[in-house]
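Work through the exercises below with the model open. Each solution goes step by step.

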Amino acid sequence: MNEDQRSLLLSSSSRFPPPQGVKLSYGTAGFRADASILQSTVYRVGILAALRAVKTQSVIGLMITASHNKVSDNGIKVADPSGGMLSQDWEPFADTLANACDPQQLVQLITDFVENENITLDGAKSVEILVARDTRPSGESLLEAAKQGICSIIGAVALDMGILTTPTLHWMVRARNKGVKASEIDYFEQLSSSFRCLLELIPRGSDSRNDADKLVVDGANGVGGEKLEILKKMLNGLVIEVRNSGKEGGVLNEGVGADYVQKEKVVPCGFGSQDVGIRCASLDGDADRLVYFILPSKSSRKIELVDGDKILSLFAVFIKEQLSILNKKRNVNVNDGYQCCLGIVQTAYANGASTDYLKQLGLEVIFTPTGVKYLHEKAAQYDIGIYFEANGHGTILFSEQFLRWLEAKITELSDVAKGSEQHKAALRLLAVTELINQAVGDALSGVLLVEAILQHMGWSIEKWSKLYEDLPSRQLKVKVVDRTAVVTANAETVVVTPPGIQEAINAETAKYPRGRCFIRPSGTEDVIRVYAEASSENAADSLANSVAKLVDQKLGFDSY
Ligand SMILES: CC(=O)N[C@H]1[C@@H](OP(=O)(O)O)O[C@H](CO)[C@@H](O)[C@@H]1O
Ligand SMILES: [Mg+2]
(Lines give C-alpha, C1' and ligand atoms only; values in the text may rest on other atoms or scores of the structure.)
(Ligands and ions follow the chains in the order given, each with its own letter.)
Protein backbone atom coordinates (compact mmCIF):
# COMPACT_ATOMS: atom_id res chain seq x y z
CA MET A 1 0.00 0.00 0.00
CA ASN A 2 1.46 3.37 -0.94
CA GLU A 3 1.92 6.22 1.49
CA ASP A 4 -0.94 8.36 0.09
CA GLN A 5 -3.38 5.51 0.54
CA ARG A 6 -2.11 4.77 4.02
CA SER A 7 -2.42 8.31 5.28
CA LEU A 8 -5.86 8.69 3.67
CA LEU A 9 -7.08 5.62 5.58
CA LEU A 10 -5.48 6.72 8.85
CA SER A 11 -7.02 10.17 8.73
CA SER A 12 -10.51 9.12 7.67
CA SER A 13 -10.75 6.18 10.08
CA SER A 14 -9.83 8.40 13.03
CA ARG A 15 -13.17 10.15 12.46
CA PHE A 16 -15.03 6.84 13.00
CA PRO A 17 -13.99 5.37 16.35
CA PRO A 18 -15.50 1.93 17.02
CA PRO A 19 -18.02 1.47 19.86
CA GLN A 20 -16.47 0.24 23.10
CA GLY A 21 -17.16 -3.22 24.47
CA VAL A 22 -19.22 -4.51 21.53
CA LYS A 23 -18.25 -7.41 19.32
CA LEU A 24 -19.91 -7.31 15.92
CA SER A 25 -20.31 -10.17 13.50
CA TYR A 26 -21.32 -10.26 9.80
CA GLY A 27 -23.90 -12.94 10.71
CA THR A 28 -26.60 -14.45 8.52
CA ALA A 29 -27.42 -11.20 6.75
CA GLY A 30 -24.69 -8.61 7.35
CA PHE A 31 -24.07 -6.47 10.44
CA ARG A 32 -27.09 -5.50 12.49
CA ALA A 33 -27.32 -3.54 15.73
CA ASP A 34 -28.81 -0.48 17.35
CA ALA A 35 -28.25 2.28 14.78
CA SER A 36 -26.49 4.50 17.33
CA ILE A 37 -23.40 2.26 17.43
CA LEU A 38 -23.08 1.54 13.71
CA GLN A 39 -21.21 4.56 12.26
CA SER A 40 -17.79 2.96 12.48
CA THR A 41 -19.02 -0.44 11.22
CA VAL A 42 -20.72 1.08 8.22
CA TYR A 43 -17.66 3.20 7.41
CA ARG A 44 -15.49 0.07 7.55
CA VAL A 45 -17.87 -1.98 5.40
CA GLY A 46 -17.59 0.91 2.92
CA ILE A 47 -13.84 0.20 2.80
CA LEU A 48 -14.50 -3.52 2.37
CA ALA A 49 -16.95 -2.91 -0.49
CA ALA A 50 -14.39 -0.70 -2.24
CA LEU A 51 -11.72 -3.42 -1.86
CA ARG A 52 -14.17 -6.00 -3.20
CA ALA A 53 -14.86 -3.76 -6.22
CA VAL A 54 -11.12 -3.36 -6.90
CA LYS A 55 -10.52 -7.09 -6.47
CA THR A 56 -13.37 -8.14 -8.79
CA GLN A 57 -13.10 -5.09 -11.09
CA SER A 58 -16.89 -4.99 -10.95
CA VAL A 59 -19.70 -2.92 -9.53
CA ILE A 60 -20.49 -3.77 -5.88
CA GLY A 61 -23.58 -2.84 -3.82
CA LEU A 62 -23.98 -1.67 -0.23
CA MET A 63 -27.41 -1.79 1.39
CA ILE A 64 -28.16 -0.04 4.65
CA THR A 65 -31.11 -1.78 6.28
CA ALA A 66 -32.17 -3.83 9.27
CA SER A 67 -35.01 -5.45 7.34
CA HIS A 68 -37.81 -6.63 9.67
CA ASN A 69 -36.07 -5.49 12.87
CA LYS A 70 -37.02 -2.48 15.03
CA VAL A 71 -36.92 0.99 13.50
CA SER A 72 -34.16 2.00 15.95
CA ASP A 73 -31.91 -0.78 14.59
CA ASN A 74 -29.99 -0.60 11.37
CA GLY A 75 -27.51 -2.72 9.47
CA ILE A 76 -25.36 -3.07 6.41
CA LYS A 77 -24.73 -5.78 3.86
CA VAL A 78 -22.71 -6.14 0.68
CA ALA A 79 -24.01 -7.24 -2.74
CA ASP A 80 -21.44 -9.11 -4.82
CA PRO A 81 -20.97 -8.61 -8.60
CA SER A 82 -23.61 -11.29 -9.38
CA GLY A 83 -26.12 -9.31 -7.30
CA GLY A 84 -26.06 -12.07 -4.67
CA MET A 85 -24.69 -11.95 -1.13
CA LEU A 86 -21.04 -11.21 -0.32
CA SER A 87 -18.83 -14.23 -1.01
CA GLN A 88 -18.61 -16.20 2.24
CA ASP A 89 -14.81 -16.32 2.16
CA TRP A 90 -14.70 -12.55 2.76
CA GLU A 91 -16.92 -12.70 5.85
CA PRO A 92 -14.07 -13.35 8.32
CA PHE A 93 -12.32 -10.24 6.98
CA ALA A 94 -15.54 -8.26 7.47
CA ASP A 95 -15.59 -9.44 11.11
CA THR A 96 -11.97 -8.53 11.87
CA LEU A 97 -12.30 -5.18 10.10
CA ALA A 98 -15.42 -4.25 12.07
CA ASN A 99 -13.75 -5.15 15.36
CA ALA A 100 -10.33 -3.48 14.85
CA CYS A 101 -9.77 -1.30 17.90
CA ASP A 102 -7.91 1.68 16.43
CA PRO A 103 -6.88 3.25 13.07
CA GLN A 104 -3.38 1.69 13.18
CA GLN A 105 -4.74 -1.81 13.64
CA LEU A 106 -7.35 -1.20 10.96
CA VAL A 107 -4.73 -0.07 8.42
CA GLN A 108 -2.52 -3.04 9.31
CA LEU A 109 -5.41 -5.45 8.71
CA ILE A 110 -6.16 -3.87 5.35
CA THR A 111 -2.46 -3.92 4.37
CA ASP A 112 -2.18 -7.63 5.16
CA PHE A 113 -5.45 -8.48 3.46
CA VAL A 114 -4.72 -6.67 0.18
CA GLU A 115 -1.33 -8.35 0.06
CA ASN A 116 -2.81 -11.83 0.58
CA GLU A 117 -5.56 -11.21 -1.95
CA ASN A 118 -3.20 -9.61 -4.49
CA ILE A 119 -5.23 -6.43 -4.61
CA THR A 120 -3.33 -3.49 -6.11
CA LEU A 121 -4.43 -0.19 -4.67
CA ASP A 122 -2.98 2.27 -7.17
CA GLY A 123 -6.30 3.79 -8.24
CA ALA A 124 -5.33 3.17 -11.87
CA LYS A 125 -8.86 2.07 -12.75
CA SER A 126 -11.83 3.56 -10.99
CA VAL A 127 -14.51 1.27 -9.55
CA GLU A 128 -18.11 1.96 -8.55
CA ILE A 129 -20.05 1.05 -5.45
CA LEU A 130 -23.83 1.56 -5.46
CA VAL A 131 -25.11 2.59 -2.02
CA ALA A 132 -28.76 2.57 -0.97
CA ARG A 133 -30.82 2.58 2.22
CA ASP A 134 -34.28 1.76 3.48
CA THR A 135 -36.61 4.32 5.10
CA ARG A 136 -35.04 4.21 8.59
CA PRO A 137 -34.29 7.74 9.87
CA SER A 138 -30.75 6.68 10.83
CA GLY A 139 -30.08 5.67 7.21
CA GLU A 140 -29.09 9.10 5.97
CA SER A 141 -26.10 9.60 8.26
CA LEU A 142 -25.06 5.95 7.95
CA LEU A 143 -25.07 6.30 4.19
CA GLU A 144 -22.70 9.25 4.60
CA ALA A 145 -20.40 7.05 6.73
CA ALA A 146 -20.45 4.36 4.02
CA LYS A 147 -19.45 6.94 1.40
CA GLN A 148 -16.55 8.08 3.59
CA GLY A 149 -15.35 4.48 3.82
CA ILE A 150 -15.59 3.97 0.08
CA CYS A 151 -13.80 7.23 -0.72
CA SER A 152 -10.92 6.32 1.53
CA ILE A 153 -9.83 3.75 -1.06
CA ILE A 154 -8.19 5.61 -3.94
CA GLY A 155 -10.07 5.06 -7.20
CA ALA A 156 -13.34 3.91 -5.58
CA VAL A 157 -16.44 5.97 -6.33
CA ALA A 158 -19.66 5.86 -4.28
CA LEU A 159 -22.93 6.31 -6.17
CA ASP A 160 -25.80 7.28 -3.88
CA MET A 161 -28.95 5.50 -5.14
CA GLY A 162 -31.11 6.92 -2.34
CA ILE A 163 -33.99 4.99 -0.80
CA LEU A 164 -34.52 1.57 -2.45
CA THR A 165 -35.81 -1.85 -1.54
CA THR A 166 -32.95 -4.27 -0.82
CA PRO A 167 -33.77 -6.47 -3.86
CA THR A 168 -33.79 -3.44 -6.21
CA LEU A 169 -30.23 -2.60 -5.18
CA HIS A 170 -29.15 -6.23 -5.74
CA TRP A 171 -30.93 -6.22 -9.13
CA MET A 172 -29.13 -3.01 -10.12
CA VAL A 173 -25.71 -4.44 -9.23
CA ARG A 174 -26.43 -7.54 -11.31
CA ALA A 175 -27.73 -5.47 -14.25
CA ARG A 176 -24.79 -3.03 -14.15
CA ASN A 177 -22.32 -5.90 -14.28
CA LYS A 178 -24.17 -7.47 -17.21
CA GLY A 179 -23.99 -4.15 -19.02
CA VAL A 180 -27.77 -3.75 -19.31
CA LYS A 181 -30.07 -0.90 -18.25
CA ALA A 182 -30.01 -0.63 -14.49
CA SER A 183 -31.98 2.31 -13.07
CA GLU A 184 -34.92 1.94 -10.70
CA ILE A 185 -37.33 2.82 -13.50
CA ASP A 186 -35.72 0.11 -15.68
CA TYR A 187 -36.40 -2.32 -12.83
CA PHE A 188 -40.07 -1.30 -12.64
CA GLU A 189 -40.35 -1.50 -16.44
CA GLN A 190 -38.87 -4.99 -16.57
CA LEU A 191 -41.25 -6.18 -13.86
CA SER A 192 -44.35 -4.62 -15.37
CA SER A 193 -43.63 -5.69 -18.95
CA SER A 194 -42.88 -9.32 -18.07
CA PHE A 195 -46.00 -9.36 -15.87
CA ARG A 196 -48.05 -8.08 -18.83
CA CYS A 197 -46.51 -10.73 -21.03
CA LEU A 198 -47.56 -13.51 -18.62
CA LEU A 199 -51.14 -12.19 -18.49
CA GLU A 200 -51.31 -12.05 -22.29
CA LEU A 201 -50.30 -15.70 -22.43
CA ILE A 202 -53.13 -16.88 -20.17
CA PRO A 203 -55.17 -19.51 -22.02
CA ARG A 204 -58.50 -18.17 -23.30
CA GLY A 205 -61.44 -19.29 -21.26
CA SER A 206 -59.77 -18.72 -17.89
CA ASP A 207 -61.88 -16.54 -15.65
CA SER A 208 -60.83 -12.98 -16.00
CA ARG A 209 -60.98 -11.07 -12.80
CA ASN A 210 -62.98 -7.97 -12.09
CA ASP A 211 -61.79 -4.94 -10.16
CA ALA A 212 -63.48 -6.07 -6.97
CA ASP A 213 -60.99 -8.91 -6.83
CA LYS A 214 -58.24 -6.72 -5.54
CA LEU A 215 -55.07 -7.55 -3.70
CA VAL A 216 -54.44 -5.69 -0.44
CA VAL A 217 -50.77 -5.32 0.50
CA ASP A 218 -49.36 -4.51 3.93
CA GLY A 219 -46.18 -2.49 3.26
CA ALA A 220 -44.80 -2.89 6.85
CA ASN A 221 -44.60 0.94 6.99
CA GLY A 222 -41.38 0.57 5.03
CA VAL A 223 -39.85 1.14 1.63
CA GLY A 224 -41.83 -1.63 -0.12
CA GLY A 225 -45.19 0.09 0.28
CA GLU A 226 -44.06 3.38 -1.21
CA LYS A 227 -42.36 1.64 -4.15
CA LEU A 228 -45.40 -0.53 -4.80
CA GLU A 229 -47.49 2.65 -5.07
CA ILE A 230 -45.31 3.58 -8.09
CA LEU A 231 -45.17 0.10 -9.59
CA LYS A 232 -48.91 -0.54 -9.37
CA LYS A 233 -49.61 2.42 -11.67
CA MET A 234 -47.60 0.68 -14.37
CA LEU A 235 -49.70 -2.51 -14.22
CA ASN A 236 -52.78 -3.55 -16.14
CA GLY A 237 -54.92 -6.47 -15.08
CA LEU A 238 -54.29 -6.18 -11.36
CA VAL A 239 -55.77 -3.87 -8.76
CA ILE A 240 -53.58 -3.35 -5.70
CA GLU A 241 -54.44 -1.42 -2.57
CA VAL A 242 -51.44 -0.57 -0.40
CA ARG A 243 -51.84 -0.22 3.37
CA ASN A 244 -49.16 0.59 5.92
CA SER A 245 -47.14 2.45 3.32
CA GLY A 246 -45.47 4.48 6.05
CA LYS A 247 -47.41 7.60 5.05
CA GLU A 248 -50.26 7.00 7.53
CA GLY A 249 -48.07 7.49 10.58
CA GLY A 250 -47.46 3.85 11.56
CA VAL A 251 -44.08 2.68 12.81
CA LEU A 252 -41.83 0.47 10.66
CA ASN A 253 -42.41 -3.24 11.39
CA GLU A 254 -44.49 -2.49 14.51
CA GLY A 255 -47.49 -4.85 14.49
CA VAL A 256 -47.15 -5.03 10.70
CA GLY A 257 -45.10 -6.73 8.00
CA ALA A 258 -44.20 -10.21 6.81
CA ASP A 259 -42.14 -11.22 9.84
CA TYR A 260 -44.91 -10.25 12.27
CA VAL A 261 -47.62 -11.94 10.22
CA GLN A 262 -45.63 -15.15 9.71
CA LYS A 263 -44.45 -15.51 13.31
CA GLU A 264 -47.56 -14.31 15.18
CA LYS A 265 -50.15 -15.54 12.69
CA VAL A 266 -52.46 -12.62 13.57
CA VAL A 267 -53.99 -9.73 11.59
CA PRO A 268 -51.52 -6.85 11.06
CA CYS A 269 -52.49 -3.24 12.00
CA GLY A 270 -54.56 -1.53 9.33
CA PHE A 271 -56.49 -4.71 8.49
CA GLY A 272 -59.85 -5.68 9.94
CA SER A 273 -63.29 -7.12 9.47
CA GLN A 274 -63.76 -5.39 6.09
CA ASP A 275 -61.00 -7.61 4.71
CA VAL A 276 -62.52 -11.01 5.53
CA GLY A 277 -62.02 -13.37 2.59
CA ILE A 278 -59.88 -10.89 0.58
CA ARG A 279 -56.46 -11.81 -0.83
CA CYS A 280 -53.90 -10.05 1.38
CA ALA A 281 -50.09 -9.97 1.35
CA SER A 282 -47.40 -8.62 3.68
CA LEU A 283 -43.94 -7.36 2.76
CA ASP A 284 -41.14 -6.97 5.30
CA GLY A 285 -39.35 -3.71 6.11
CA ASP A 286 -36.96 -3.81 3.14
CA ALA A 287 -39.27 -5.77 0.80
CA ASP A 288 -37.23 -8.93 0.35
CA ARG A 289 -39.83 -11.15 2.04
CA LEU A 290 -43.40 -11.86 1.07
CA VAL A 291 -46.22 -13.84 2.65
CA TYR A 292 -49.93 -13.98 1.82
CA PHE A 293 -52.81 -14.36 4.23
CA ILE A 294 -56.59 -14.48 4.54
CA LEU A 295 -58.78 -13.27 7.40
CA PRO A 296 -61.15 -16.20 7.84
CA SER A 297 -63.69 -14.51 10.13
CA LYS A 298 -64.76 -11.19 11.63
CA SER A 299 -64.66 -12.49 15.15
CA SER A 300 -61.04 -13.58 15.37
CA ARG A 301 -57.63 -11.91 14.99
CA LYS A 302 -56.17 -15.16 13.70
CA ILE A 303 -55.21 -15.37 10.05
CA GLU A 304 -54.82 -18.23 7.63
CA LEU A 305 -51.17 -17.90 6.61
CA VAL A 306 -49.98 -18.65 3.08
CA ASP A 307 -46.25 -18.68 3.70
CA GLY A 308 -43.01 -18.97 1.73
CA ASP A 309 -43.44 -22.74 1.44
CA LYS A 310 -46.78 -22.25 -0.32
CA ILE A 311 -45.38 -19.56 -2.62
CA LEU A 312 -42.60 -22.02 -3.47
CA SER A 313 -45.17 -24.76 -4.14
CA LEU A 314 -47.20 -22.48 -6.41
CA PHE A 315 -44.09 -21.55 -8.40
CA ALA A 316 -43.02 -25.21 -8.61
CA VAL A 317 -46.42 -26.36 -9.91
CA PHE A 318 -46.43 -23.66 -12.60
CA ILE A 319 -42.84 -24.20 -13.76
CA LYS A 320 -43.30 -27.96 -13.82
CA GLU A 321 -46.47 -27.59 -15.89
CA GLN A 322 -44.78 -25.29 -18.43
CA LEU A 323 -41.80 -27.62 -18.72
CA SER A 324 -44.01 -30.60 -19.38
CA ILE A 325 -45.97 -28.75 -22.10
CA LEU A 326 -42.71 -27.66 -23.63
CA ASN A 327 -41.27 -31.14 -23.61
CA LYS A 328 -44.30 -32.89 -25.10
CA LYS A 329 -43.13 -34.76 -28.17
CA ARG A 330 -44.63 -33.17 -31.25
CA ASN A 331 -43.44 -36.04 -33.40
CA VAL A 332 -43.06 -39.46 -31.84
CA ASN A 333 -39.87 -40.03 -33.79
CA VAL A 334 -38.20 -36.88 -32.60
CA ASN A 335 -37.34 -36.14 -29.03
CA ASP A 336 -36.19 -32.57 -29.07
CA GLY A 337 -36.88 -32.00 -25.38
CA TYR A 338 -34.25 -30.75 -22.98
CA GLN A 339 -33.72 -32.76 -19.84
CA CYS A 340 -34.13 -29.74 -17.60
CA CYS A 341 -32.91 -30.37 -14.09
CA LEU A 342 -35.38 -28.73 -11.68
CA GLY A 343 -34.41 -28.53 -8.01
CA ILE A 344 -36.30 -27.31 -4.95
CA VAL A 345 -34.33 -25.96 -1.99
CA GLN A 346 -35.76 -25.60 1.52
CA THR A 347 -34.51 -25.34 5.11
CA ALA A 348 -35.52 -27.37 8.16
CA TYR A 349 -38.10 -24.63 8.92
CA ALA A 350 -40.12 -25.65 5.86
CA ASN A 351 -43.43 -27.12 6.94
CA GLY A 352 -43.23 -30.92 6.65
CA ALA A 353 -46.49 -30.95 4.69
CA SER A 354 -44.92 -28.74 1.99
CA THR A 355 -41.97 -31.10 1.59
CA ASP A 356 -44.32 -34.10 1.32
CA TYR A 357 -46.40 -32.26 -1.27
CA LEU A 358 -43.39 -31.30 -3.40
CA LYS A 359 -42.02 -34.82 -3.26
CA GLN A 360 -45.39 -36.22 -4.29
CA LEU A 361 -45.18 -34.04 -7.38
CA GLY A 362 -42.03 -35.98 -8.18
CA LEU A 363 -39.73 -33.04 -7.51
CA GLU A 364 -36.22 -33.23 -6.08
CA VAL A 365 -36.13 -31.45 -2.69
CA ILE A 366 -32.88 -30.63 -0.90
CA PHE A 367 -32.16 -28.94 2.41
CA THR A 368 -29.53 -26.39 3.42
CA PRO A 369 -28.82 -24.54 6.64
CA THR A 370 -30.82 -21.36 7.36
CA GLY A 371 -29.80 -18.20 5.51
CA VAL A 372 -30.42 -17.32 1.90
CA LYS A 373 -26.74 -17.42 1.04
CA TYR A 374 -26.86 -21.21 1.49
CA LEU A 375 -30.16 -21.72 -0.34
CA HIS A 376 -29.12 -19.51 -3.24
CA GLU A 377 -25.82 -21.32 -3.68
CA LYS A 378 -27.58 -24.68 -3.83
CA ALA A 379 -30.33 -23.52 -6.19
CA ALA A 380 -27.68 -22.20 -8.59
CA GLN A 381 -26.56 -25.79 -9.21
CA TYR A 382 -29.73 -26.62 -11.19
CA ASP A 383 -31.04 -25.58 -14.62
CA ILE A 384 -33.95 -24.18 -12.66
CA GLY A 385 -33.56 -23.90 -8.89
CA ILE A 386 -36.46 -22.68 -6.76
CA TYR A 387 -35.69 -21.77 -3.16
CA PHE A 388 -37.70 -20.32 -0.31
CA GLU A 389 -37.46 -19.91 3.41
CA ALA A 390 -40.78 -20.45 5.21
CA ASN A 391 -40.64 -16.78 6.22
CA GLY A 392 -41.13 -15.70 2.61
CA HIS A 393 -37.63 -15.04 1.27
CA GLY A 394 -36.92 -16.83 -1.97
CA THR A 395 -36.63 -16.74 -5.73
CA ILE A 396 -36.10 -18.83 -8.86
CA LEU A 397 -32.70 -19.17 -10.56
CA PHE A 398 -32.24 -20.12 -14.21
CA SER A 399 -28.87 -21.33 -15.50
CA GLU A 400 -27.25 -19.58 -18.47
CA GLN A 401 -27.28 -22.89 -20.34
CA PHE A 402 -31.02 -23.34 -19.86
CA LEU A 403 -31.70 -19.74 -20.85
CA ARG A 404 -29.71 -20.13 -24.08
CA TRP A 405 -31.59 -23.34 -24.89
CA LEU A 406 -34.93 -21.64 -24.16
CA GLU A 407 -34.14 -18.68 -26.39
CA ALA A 408 -33.10 -20.96 -29.23
CA LYS A 409 -36.27 -23.00 -28.73
CA ILE A 410 -38.44 -19.88 -28.94
CA THR A 411 -36.75 -18.84 -32.19
CA GLU A 412 -37.32 -22.31 -33.62
CA LEU A 413 -40.95 -22.54 -32.46
CA SER A 414 -41.85 -19.09 -33.75
CA ASP A 415 -40.83 -20.37 -37.20
CA VAL A 416 -42.50 -23.76 -37.15
CA ALA A 417 -45.21 -23.62 -34.48
CA LYS A 418 -46.05 -20.03 -33.74
CA GLY A 419 -48.91 -19.68 -31.27
CA SER A 420 -48.80 -23.38 -30.36
CA GLU A 421 -49.11 -24.50 -26.75
CA GLN A 422 -45.42 -25.34 -26.78
CA HIS A 423 -44.49 -21.92 -28.07
CA LYS A 424 -46.61 -20.26 -25.38
CA ALA A 425 -45.12 -22.38 -22.61
CA ALA A 426 -41.64 -21.37 -23.75
CA LEU A 427 -42.64 -17.69 -23.83
CA ARG A 428 -44.12 -18.00 -20.33
CA LEU A 429 -40.90 -19.45 -18.97
CA LEU A 430 -38.93 -16.65 -20.61
CA ALA A 431 -41.24 -14.08 -19.03
CA VAL A 432 -40.67 -15.69 -15.63
CA THR A 433 -36.88 -15.34 -16.06
CA GLU A 434 -37.46 -11.60 -16.58
CA LEU A 435 -40.08 -11.10 -13.88
CA ILE A 436 -38.42 -12.94 -11.02
CA ASN A 437 -35.43 -11.20 -9.43
CA GLN A 438 -32.62 -13.70 -9.92
CA ALA A 439 -30.21 -11.73 -7.75
CA VAL A 440 -32.11 -12.28 -4.51
CA GLY A 441 -35.60 -12.88 -3.05
CA ASP A 442 -37.82 -9.93 -3.91
CA ALA A 443 -41.30 -9.25 -2.51
CA LEU A 444 -42.32 -6.94 -5.38
CA SER A 445 -41.34 -9.30 -8.19
CA GLY A 446 -42.65 -12.22 -6.10
CA VAL A 447 -46.07 -10.64 -5.66
CA LEU A 448 -46.40 -10.13 -9.42
CA LEU A 449 -45.41 -13.70 -10.19
CA VAL A 450 -47.88 -15.07 -7.63
CA GLU A 451 -50.64 -12.88 -9.07
CA ALA A 452 -49.85 -13.89 -12.67
CA ILE A 453 -49.85 -17.60 -11.78
CA LEU A 454 -53.11 -17.37 -9.81
CA GLN A 455 -54.75 -15.70 -12.81
CA HIS A 456 -53.24 -18.27 -15.16
CA MET A 457 -54.56 -21.16 -13.08
CA GLY A 458 -57.86 -19.39 -12.37
CA TRP A 459 -57.26 -20.05 -8.66
CA SER A 460 -58.52 -18.10 -5.68
CA ILE A 461 -56.25 -17.71 -2.65
CA GLU A 462 -58.37 -20.35 -0.87
CA LYS A 463 -57.75 -22.85 -3.63
CA TRP A 464 -54.03 -22.09 -3.54
CA SER A 465 -53.95 -22.35 0.24
CA LYS A 466 -55.56 -25.80 0.04
CA LEU A 467 -52.76 -27.29 -2.12
CA TYR A 468 -51.85 -29.00 1.13
CA GLU A 469 -52.65 -28.41 4.79
CA ASP A 470 -49.82 -27.12 6.97
CA LEU A 471 -48.84 -29.27 9.91
CA PRO A 472 -49.29 -27.31 13.15
CA SER A 473 -45.94 -25.84 14.21
CA ARG A 474 -44.44 -23.69 16.96
CA GLN A 475 -41.24 -21.64 17.10
CA LEU A 476 -39.69 -20.53 20.38
CA LYS A 477 -36.43 -18.92 21.39
CA VAL A 478 -34.36 -19.53 24.51
CA LYS A 479 -31.76 -17.19 25.92
CA VAL A 480 -28.60 -19.10 26.82
CA VAL A 481 -25.16 -18.31 28.23
CA ASP A 482 -23.33 -19.16 25.02
CA ARG A 483 -25.29 -20.01 21.89
CA THR A 484 -22.10 -21.11 20.07
CA ALA A 485 -22.07 -24.12 22.43
CA VAL A 486 -24.69 -25.68 20.14
CA VAL A 487 -23.21 -27.16 16.98
CA THR A 488 -25.50 -28.83 14.46
CA ALA A 489 -25.17 -31.05 11.40
CA ASN A 490 -27.38 -32.36 8.55
CA ALA A 491 -28.75 -28.95 7.55
CA GLU A 492 -29.22 -28.06 11.23
CA THR A 493 -31.52 -30.99 12.00
CA VAL A 494 -29.17 -32.78 14.41
CA VAL A 495 -27.29 -31.42 17.44
CA VAL A 496 -23.72 -32.69 17.54
CA THR A 497 -22.58 -30.87 20.68
CA PRO A 498 -23.16 -30.61 23.59
CA PRO A 499 -23.54 -34.40 23.84
CA GLY A 500 -26.82 -35.83 25.07
CA ILE A 501 -29.13 -33.06 23.86
CA GLN A 502 -30.07 -34.75 20.57
CA GLU A 503 -30.96 -37.99 22.38
CA ALA A 504 -33.20 -36.03 24.75
CA ILE A 505 -34.89 -34.24 21.82
CA ASN A 506 -35.43 -37.58 20.09
CA ALA A 507 -37.03 -39.05 23.20
CA GLU A 508 -39.41 -36.07 23.49
CA THR A 509 -40.28 -36.07 19.79
CA ALA A 510 -41.09 -39.78 19.79
CA LYS A 511 -44.03 -39.06 22.13
CA TYR A 512 -45.91 -37.13 19.41
CA PRO A 513 -47.55 -38.46 16.23
CA ARG A 514 -45.93 -36.75 13.20
CA GLY A 515 -43.57 -35.04 15.67
CA ARG A 516 -40.49 -33.25 14.35
CA CYS A 517 -38.29 -30.96 16.36
CA PHE A 518 -34.87 -29.32 16.07
CA ILE A 519 -32.83 -26.60 17.76
CA ARG A 520 -30.13 -24.29 16.34
CA PRO A 521 -28.26 -21.17 17.35
CA SER A 522 -29.69 -18.08 15.62
CA GLY A 523 -27.32 -16.22 13.30
CA THR A 524 -29.00 -12.87 13.92
CA GLU A 525 -30.03 -12.91 17.59
CA ASP A 526 -28.37 -14.08 20.78
CA VAL A 527 -30.72 -17.07 21.24
CA ILE A 528 -31.22 -20.75 20.54
CA ARG A 529 -34.25 -21.30 18.32
CA VAL A 530 -36.60 -24.24 18.87
CA TYR A 531 -38.89 -25.49 16.10
CA ALA A 532 -41.53 -28.17 16.62
CA GLU A 533 -44.15 -29.70 14.40
CA ALA A 534 -46.85 -32.23 15.30
CA SER A 535 -50.33 -33.38 14.33
CA SER A 536 -52.19 -30.83 16.49
CA GLU A 537 -51.52 -27.29 17.71
CA ASN A 538 -51.48 -28.40 21.33
CA ALA A 539 -49.02 -31.15 20.54
CA ALA A 540 -46.70 -28.80 18.60
CA ASP A 541 -46.83 -26.27 21.47
CA SER A 542 -46.18 -28.91 24.07
CA LEU A 543 -43.25 -30.45 22.15
CA ALA A 544 -41.67 -27.01 21.58
CA ASN A 545 -42.13 -26.08 25.23
CA SER A 546 -40.63 -29.25 26.60
CA VAL A 547 -37.59 -29.00 24.31
CA ALA A 548 -37.18 -25.30 25.18
CA LYS A 549 -37.19 -26.30 28.84
CA LEU A 550 -34.57 -28.93 28.17
CA VAL A 551 -32.35 -26.36 26.41
CA ASP A 552 -32.80 -23.95 29.29
CA GLN A 553 -31.86 -26.63 31.83
CA LYS A 554 -28.70 -27.62 29.96
CA LEU A 555 -27.54 -24.25 28.62
CA GLY A 556 -29.57 -21.51 30.30
CA PHE A 557 -28.32 -19.09 32.94
CA ASP A 558 -29.38 -21.26 35.88
CA SER A 559 -27.52 -24.28 34.51
CA TYR A 560 -24.14 -22.79 35.45
C1 LIG B 1 -36.14 -18.94 11.67
C2 LIG B 1 -35.93 -17.73 10.86
O3 LIG B 1 -36.89 -17.14 10.37
N4 LIG B 1 -34.66 -17.33 10.72
C5 LIG B 1 -34.30 -16.15 9.93
C6 LIG B 1 -33.26 -15.33 10.68
O7 LIG B 1 -32.10 -16.10 10.85
P8 LIG B 1 -31.61 -16.74 12.25
O9 LIG B 1 -30.24 -17.27 11.94
O10 LIG B 1 -32.61 -17.79 12.56
O11 LIG B 1 -31.64 -15.67 13.28
O12 LIG B 1 -32.92 -14.18 9.90
C13 LIG B 1 -32.32 -14.51 8.65
C14 LIG B 1 -31.93 -13.21 7.97
O15 LIG B 1 -33.02 -12.41 7.69
C16 LIG B 1 -33.27 -15.36 7.80
O17 LIG B 1 -32.61 -15.73 6.62
C18 LIG B 1 -33.71 -16.58 8.61
O19 LIG B 1 -34.67 -17.30 7.90
MG1 LIG C 1 -35.82 -8.30 4.73
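**Exercise 1: a helix pair**

The crossing of α2 and α5 is right-handed. This is a predicted model.

Task: Identify the residues of α2 and α5 that make the contact.

Solution. Start with α2: it contributes Q39, V42, Y43, R44, V45, G46, I47, A49 and A50. Then take α5: its side consists of L142, A145, A146, K147, Q148, G149 and I150. Now sort the contact by class: ten residues are nonpolar, four are polar and two are charged.

**Exercise 2: the geometry**

Task: Find how close the axes of α2 and α5 come, and classify their angle.

Solution. Two packed helices are described by the angle between their axes and the distance between the axes. Locate the pair: α2 covers residues 39-56, and α5 covers residues 139-151. Their axes come within 7 Å. They cross at roughly 40 degrees. That angle makes α2 oblique to α5, because angles under 35 degrees count as roughly parallel and 65 to 115 as roughly perpendicular.

**Exercise 3: the whole chain**

Solution. First, list the elements: the protein chain has 18 helices and 19 strands. Then check burial: 48% of the 560 residues are buried. Finally, turn to contacts between residues at least 6 apart in sequence: 71% of them join residues at least 24 apart.

Key: Residues are numbered from 1 along each chain as its sequence is written. Chains are lettered from A and ligands numbered from 1 in the order in which they are written. This is a predicted model: local features need pLDDT of at least 70, side-chain atom pairs count only at pLDDT 80 or more; totals for chains, interfaces and linings use all residues. Axes are lines fitted to C-alpha atoms, for helices over the stretch in contact, and angles run from 0 to 180 degrees between N-to-C directions. Helices (H or I, at least four residues) and strands (E, at least two) are DSSP runs, numbered from the N terminus. Angles under 35 degrees count as roughly parallel, over 145 as roughly antiparallel, 65 to 115 as roughly perpendicular and the rest as oblique. A crossing is left-handed if the near helix is turned anticlockwise from the far one by less than a right angle, and right-handed if clockwise. Two residues are in contact if their C-beta atoms, placed from the backbone, lie within 7 Å. Ala, Val, Leu, Ile, Met, Phe, Trp, Tyr, Cys and Pro count as nonpolar, Asp, Glu, Lys and Arg as charged, and the others, Gly among them, as polar. A residue is buried if 20 or more other C-beta atoms lie within 10 Å of its own, exposed if 12 or fewer, and partly exposed in between; C-beta atoms are placed from the backbone.
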